[in-house]
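Welcome! Open your viewer, get ready to select residues, and follow along stop by stop.

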Amino acid sequence: MTVDQASSPAVGRPRPTAKTGRTRSTARTGPSMTTRKHRAFYMFASPWIIGFSLLTIAPMAYALWLSFTTYDGISPHWHYVGLGNYRELMGDSVTWDALGRAGLFALTSVPLSIIAGLALAVLVNRPLKARGLFRTLLYLPAVVPPVGAGIAFKNLFDQNSGAANGALTFFGFDAIGWLADPYARYVLVMTVLWAAGNIMIISLAGLQDVPRELHEAARIDGASAWRAFRSITVPLLSPVLLFQTVTGVIASVQTIMPMLLAPTAGTGGLTSIPQSNYTYMIHVFAEYFALGRYGYASALLWVLFLLILIATGLIFKFTSGVVFYNVDPEAQK
Amino acid sequence: MTATSVHPKSPARVSPARVRIRVNRLVLYTALVVITGLFLGPFGWLILTGLKAPAELAAAPVHWLPTHFEWRNFVDAYKAIDFLGYARNSLIIATIYATLVTLSSAWVGFGFARLTAPGKKVLFGILIGSMMLPQMITLLPTYLIFAKFGMVDTYWPWVLWGLSSAPYLVFLFRQFFAGLPRELEEAAIVDGCGYGAIFWRIFLPQSWPVLSASFVIAFTWTWGDYIAPQLLLSTDHSTLAVAVMTTYVSAAGTPNTNLQAAASVMYVVPILLIFLVAQRGFVAGMSTSGLK
């Protein structure tokens, strides 16, 4: 809008051919500045509009259509079954168990990684020697690609050669089958915690925006460090924490890390994933690629999509009174 | 260092509060070093695993350090598969995607930052909302569509993804372009320049920090992506991520753990190096834009 106001003198500017009758002359010399600007906007936005329509909306619509069929990608004898797949899904205990595991994983990994990331941020926000080095080293694991992280954790928690069991036996405990049931879920959560540097960096940017005077005032009032953290830092960071919660939940629900931690790699190894890591997303992959049930798998996808939308909406709704947006223009500077 | 300074020359002159501060600092540094060690541990163990002989990996109790550093594991891992070929595929795909998506996102970002039109607000809302769309959910039906159009085992999916811009990067460019002074395009408009030319000749050359940041982000995404190449490319034409994950298996079907560990180190290190180099660039870019 401000851009419009600024350019309006240019619109009213007399052109050589536009001395009389603006409408006629613009028809002759081409569209007005405003129209040109509108057209230009759509010219610039078009890659995203077209790409989003073809590579996001169209596939989702296609999946919605498939979810009403028995399509398997090979057999020509597929047919329309209406809500049949959805009805099957409702009564499928494997689906519900997988959904429960995904929910549990989100409910543990997201809060834990946010707490860890925030704690690290507070730690490296103090005036330390080699602070930059600590920040870089703590953030580094977040840069490691999922495949690297998966292989690293597979080796770390290997039954025989892993350091985790090495430490356990060193202290006289029994070795644990970390990558099998029921322990695999803990390893999965640990892969998320390993990347907490991500949350640390984002929280750190937020922490540096917290006005110093607030902490000084709190100290003069005799508030403990914990009290100051809870009453000043956390509220001021709450928009960042909300964003981290939402993206964390979405990321955790769609993680493929169980595939990378499985004994057998690739889509062929989907069946080798231990029960405790057989999350909803893995279930979708298994239905698509191990069983080739495109129709049913598409119904699973759409249910997950709607559940994520609902979960995101609920998170926003329940935090609307808690999240504190700093709108004071003085503090913004 | 901190430990020795706790014992000053004349203890009588040091107040208990001073001692407490020093003890606190000692605890703080110890905690930081331990935590940093824990964070580096998994990667360190990966390197150690890559340096062990197979017999050592089977030994009980666990050998913490290799008795003999098998540096040749790295050579063997490189020779066991067409490592260079897979790395080249990764490089090609990541470069194609990163180049295209950087340019297209800058293009779209310019539109959202500098132009107005009816419907822009709604579109911007959709753009921001689409950042929260679960990528994995849209990927699976997209894969089916790519398969239908015969684009499996080609680089076309990455070209199309690149051309269609990425919401996160669009937002990055929008923020940058919105902060540039208005005079930049005004003179050009008076001179009768089109918006396309304004973007190419005036705005794009200004945006090197964001361009390079965007390229690095997109490049590391693609280099790190496992699932899209796993689904879309056949084993021979796949990327290093897929090859490292799936191809280190002996003829008997057992995993070559040490070679895989060595290979994954070689796969991850370039990304870590890019990050360490680009990290300075980010900071430089931020401080220059902060000066304006």
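Start with the largest nonpolar core, which has 100 residues; select A:Leu261, A:Val284 and A:Leu301, those with the most contacts inside it. A nonpolar core here is a set of buried Ala, Val, Leu, Ile, Met, Phe, Trp, Tyr and Cys residues joined through C-beta atoms within 7 Å, and buried means that 20 or more other C-beta atoms lie within 10 Å of the residue's own, with C-beta atoms placed from the backbone. Now show helix α5 (residues 93–124) of chain A, which gives the largest share of this core, nine residues. Helices are DSSP runs (H or I, at least four residues), numbered from the N terminus.

This is a predicted model, in which local features need pLDDT of at least 70 and side-chain atom pairs count only at pLDDT 80 or more, while totals for chains, interfaces and linings use all residues. Residues are numbered from 1 along each chain as its sequence is written, and chains are lettered from A and ligands numbered from 1 in the order in which they are written.

Next, zoom in on A:Val284: leaving out residues up to four places away in sequence, A:Val284 touches A:Ala297, A:Leu300, A:Leu301 and A:Leu304. Contact means C-beta atoms, placed from the backbone, within 7 Å.

For the last stop, colour the two chains separately: 67 residues of chain A are in contact with 71 residues of chain B. On the side of chain A that touches chain B, select α3(A), which gives the most, with 19 residues. Follow α3(A) to A:Ala45, where you will find a kink of about 50°, shortly before the proline A:Pro47. The bend is the angle between axes fitted to the seven residues ending at a residue and the seven starting there.

Finally, which residue of the other core, of 40 residues, could you select in chain A? A:Trp48 is one of them, and B:Val108, B:Phe112 and B:Phe215 are also among them.

Conventions:
A residue is buried if 20 or more other C-beta atoms lie within 10 Å of its own, exposed if 12 or fewer, and partly exposed in between; C-beta atoms are placed from the backbone. Helices (H or I, at least four residues) and strands (E, at least two) are DSSP runs, numbered from the N terminus.
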